[in-house]
Amino acid sequence: MNSESLVKVLGLLVRLDLGVGVEFQPPFLTGKVNDRDYKILCAEVQHVDGNIKMLTSPSHITNLFLYINNKKGNNIVLLTTKTTHKLLMRDVSMIELADGIMYKNEMELYENNILG
């Protein structure tokens, strides 16, 4: 899925599920909650042997919102700032990742999806 479509899907989910206003700035979602600015990088990843590979960001971010495309069940996760920083520095195991989840949900995307 391309970055712009992923940001739109995840941003809409944040608005509907969490009631938080966001601005779409692919590959980021930005906004403010309780007078705190946030910048969330949206990324599509895969787990390999129970690990998520280290990610990079083109600018400073507060959080990661991941779509884990080869995971069944809760495959979209919003990570805490602490876990986000870990994943920007090194590979992280799915077990370690689970400890840093602020929000999780499940989505199924299809190739002929109107957003794709």
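Q: Phe-65 and Tyr-103: buried or exposed?
A: Phe-65 is buried, and Tyr-103 is buried too. Buried is under 20% relative accessible area, exposed is over 50%, and partly exposed is in between (1.4 Å probe, protein chains only).

Q: Ground rules first. What are we looking at?
A: This is a predicted model, where local features need pLDDT of at least 70, side-chain atom pairs count only at pLDDT 80 or more, and totals for chains, interfaces and linings use all residues. Residues are numbered from 1 along each chain as its sequence is written, and side-chain values use heavy atoms, with hydrogens and water left out.

Q: How many aromatic pairs does the structure hold?
A: One. Phe-65 and Tyr-103 pair edge-to-face, at 6.3 Å centre to centre with 85 degrees between the planes. Pairing takes ring centres within 6.5 Å for Phe, Tyr and Trp (its six-membered ring); planes under 30 degrees apart are stacked, over 60 edge-to-face, the rest tilted.

Q: Where do Phe-65 and Tyr-103 sit in the chain?
A: Phe-65 is in strand S6 and Tyr-103 in strand S9 (residues 101–105), 38 residues apart. Helices (H or I, at least four residues) and strands (E, at least two) are DSSP runs, numbered from the N terminus.

Q: New topic. What does Leu-10 contact, leaving aside neighbours within four places in sequence?
A: Leu-29, Cys-42, Phe-65, Ile-76 and Met-107. Contact means heavy atoms within 4.5 Å.

Q: Which ring does Lys-39 lie over?
A: The face of Phe-28, at 4.4 Å from the ring centre. The criterion is NZ of Lys or CZ of Arg within 6 Å of the ring centre and within 35 degrees of the ring normal.
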